[in-house]
Amino acid sequence: MSAHLSPDELAALISRCTGVTVTAEQVTDPHHTFDDLGVDSLGLMGVLGELQRNHGMPRDVDMQPDRSPRELLSLLTGRA
Amino acid sequence: MKAVVTGLGVIAPSGIGVERFWPAVRDGHVALATVRRYEPNPYPVRVVGEVRGFGPDGWVDPRVVVQTDRFTHFAVAATTMALDDAGLDPATVPPFGFGVVTASYAGGVEFGQREIERLWDGGPEHVGPYQSIAWFYAASTGQVSIGNGLRGPSGVLVADEAGGLDVFAVADGELCRGASAMVVGGTEAPFCPFSMCCQLGLGLLSTNEDPATAYLPFTAHAAGFAPAEGGAMLVVEDERAASDRGANARAVIAGYGSTYTGTRCFDRSAEGLLRAAETALADSDLDAGDVDVVFLDALADQRADAAEAEALRLLFGDRTDRVPVTAPKSGYGRCYAGAAVLDVATAVLAIEHGAVPPTPGVHDCRFDLDLVTGTARRADIRSALVLSRGQHGGNSALVLRRPDPITRGGE
């Protein structure tokens with residue numbers, strides 16, 4: 001299982017897990033935090049769980065809603 | 001102080017929205033059918049009342065949809081209907097003066113079943129975080145409060161099926177303590193195997209596979225009830241607050257009574273129902289002679305039906321066979337804590353339309369009662385008595401009264 005995920009794929013995954021419609025542009029914009037997008041801590045926990053189960057993300061990765069989707073994307077693409 | 005109903009929101013197997021629900025109930029439409037929400041094999045209960053054609057899109061915020069169970073989707077949508085029907089924008093009510101109270105029997109069981117399946121198949125890390133809030137009995141009250149900005153007194157009653165009437169007493173109490181409006185109701189979505197299996201041991205659900213004969217309360221064929229999903233949410237306001245904003249009072253919540261007679265002691269529910277009804281009538285400053293129609297609990301269990309008929313005989317005496325009584329739920333099923341709330345909504349509509357809806361499917365009542373069957377009966381309804389029992393021994397009664405003609409500008 002690859003840890004790589006495109007901005008489009010991550011946006012779709014966040015939308016599916018949280019019900020918040022998120023675009024690829026929002027996922028790559030460093031100024032948007034999860035809070036800004038309306039994704040709360042439970043929603044982000046669901047996103048991280050999905051990435052850990054199905055996209056090879058290490059289990060010790062944790063993130064709070066004051067961080068940006070772009071930071072999450074960087075972790076996934078190994079460009080943190 | 002009087003509590004008045006100003007808005008109705010209904011989601012029932014018979015119809016979504018009052019404009020579809022009332023004609024179906026008035027005309028005795030039967031909305032029972034074989035369950036579709038899960039594969040009925042190998043379970044013994046087949047005939048149910050499902051809400052067909054409802055999806056949360058357009059009713060519920062997409063973020064809330066993924067966080068909540070179907071019973072909450074129903075509650076949120078029915079609340080929107082009720083507020084719209086009442087013409088009441090919550091933003092115009094003092095923020096701590098508008099609360100919400102719901103009754104719940106099953107909670108978010110369909111969501112819960114899905115997550116339990118993930119736990120079983122994949123392990124703990126496969127369970128989503130929203131299980132923590134979606135299953136919870138208070139989920140509907142919470143989402144209705146958050147979604148509509150209702151910061152007044154709020155809660156949930158997990159008080160078996162009779163909780164569907166008890167919530168109106170809770171709301172009335174909050175209005176007496178200073179709230180100006182309350183959203184009141186209950187919705188259920190129990191159709192998953194986990195939830196239904198929990199109830200099989202009670203022996204109260206009908207295993208008849210024919211929708212036309214599965215739920216026939218008060219007949220010699222009564223052999224259990226057909227379960228249903230759905231329910232109703234109502235806007236109940238302080239009469240003065242409603243009058244001040246020019247709202248139409250649809251019915252007065254006039255009185256309430258409640259008793260407890262023990263789990264599965266249906267023989268004793270005759271006395272329990274009688275005392276609940278007498279208390280509700282005394283609370284309304286009415287007596288049994290004032291009752292124009294009774295909405296029945298209608299468990300369709302031989303002992304329970306006999307007890308309910310006995311309660312009516314003791315309450316009405318010589319007049320028993322001349323008081324119209326009805327159980328519209330035999331047409332769409334019994335939706336647990338939402339069942340009595342739907343009966344309250346139906347009673348409000350019956351008062352407004354001057355018609356007693358029938359008990360669908362029933363033609364041969366085995367008791368000496370004036371059970372309305374076939375088609376609706378025209379009636380001048382000033383006072384309606386609604387009865388509800390829980391499977392585990394609660395007996396509640398609520399009296400609704402037609403409002404007096406409007407007298408504006410005076411006390």
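Okay, let's begin with how helices and strands are named here: helices (H or I, at least four residues) and strands (E, at least two) are DSSP runs, numbered from the N terminus. Residues are numbered from 1 along each chain as its sequence is written, and chains are lettered from A and ligands numbered from 1 in the order in which they are written. What you're looking at is a predicted model, where local features need pLDDT of at least 70, side-chain atom pairs count only at pLDDT 80 or more, and totals for chains, interfaces and linings use all residues.

Let's start with chain A. How does its radius of gyration fit a compact globule? For 80 residues, a compact globule would have a value near 12 Å, and chain A has 11 Å, which agrees. That radius is taken over C-alpha atoms, and the globule rule is 2.2 Å times the number of residues to the power 0.38. Along the principal axes, the C-alpha atoms of chain A fill a box of roughly 30 × 25 × 20 Å.

Inside chain A, 29% of the 80 residues count as buried. Buried here means that 20 or more other C-beta atoms lie within 10 Å of a residue's own; exposed means 12 or fewer, partly exposed is in between, and C-beta atoms are placed from the backbone. Now contacts: two residues are in contact if their C-beta atoms, placed from the backbone, lie within 7 Å. Of the contacts in chain A with a separation of 6 or more, 61% are accounted for by residues 24 or more positions apart.

So where do the two chains meet? On the chain B side, 9 residues are in contact with 11 residues of chain A. That side of chain B divides into 5 nonpolar, 2 polar and 2 charged residues. For those classes, Ala, Val, Leu, Ile, Met, Phe, Trp, Tyr, Cys and Pro count as nonpolar, Asp, Glu, Lys and Arg as charged, and the others, Gly among them, as polar.

On to chain B itself. It is divided into domain 1 (3-244) and domain 2 (255-401), with bounds from an automatic or database domain assignment. The C-alpha centres of the two domains of chain B lie 21 Å apart. Their contact takes 58 residues from domain 1 and 52 residues from domain 2 of chain B. Which helix gives the largest share of the domain 1 side? That's H7(B), with 6 residues. The domain 1 side that touches domain 2 of chain B divides into 36 nonpolar, 15 polar and 7 charged residues.

Next, have a look at strand S16 (residues 394-401) of chain B. Here 8 of the 8 residues are buried, so the strand is largely enclosed by the rest of the structure. Both faces are covered: one side includes Leu398(B) and Leu400(B), and the other includes Val399(B) and Arg401(B). Strands pair if DSSP finds at least two bridges between them. S9 (residues 251-260) of chain B pairs with S16(B) in the antiparallel sense over 8 bridges, and there Tyr256(B) has Leu398(B) as its bridge partner. S15 (residues 383-389) of chain B also pairs antiparallel with S16(B), over 7 bridges, and Ser383(B) is partnered by Arg401(B). In the hairpin of S15(B) and S16(B), with 4 residues between the strands, Gly393(B) takes a positive phi near 110°.

Now for helix H11 (residues 302-316) of chain B. At 1.5 Å a residue, its 15 residues should span 21 Å, and the end C-alpha atoms are 21 Å apart, which agrees. That expected span is 1.5 Å times one less than the number of residues. Its buried residues, among them Leu312(B), Leu315(B) and Phe316(B), pack against H10 (269-283), S10 (293-295) and S11 (324-326) of chain B. Just after H11(B), Gly317(B) has a positive phi of about 55°.

Most residues other than glycine have a negative phi, and most peptide bonds are trans. Yet Ala300(B), in the loop between S10 and H11 of chain B, has a positive phi near 65°. Ala300(B) counts as buried because it has 27 C-beta neighbours inside 10 Å. Tyr336(B) has a positive phi near 50°, and with 30 C-beta neighbours inside 10 Å, it counts as buried too. Finally, a cis peptide bond joins Asn41(B) and Pro42(B), with omega about 0°.
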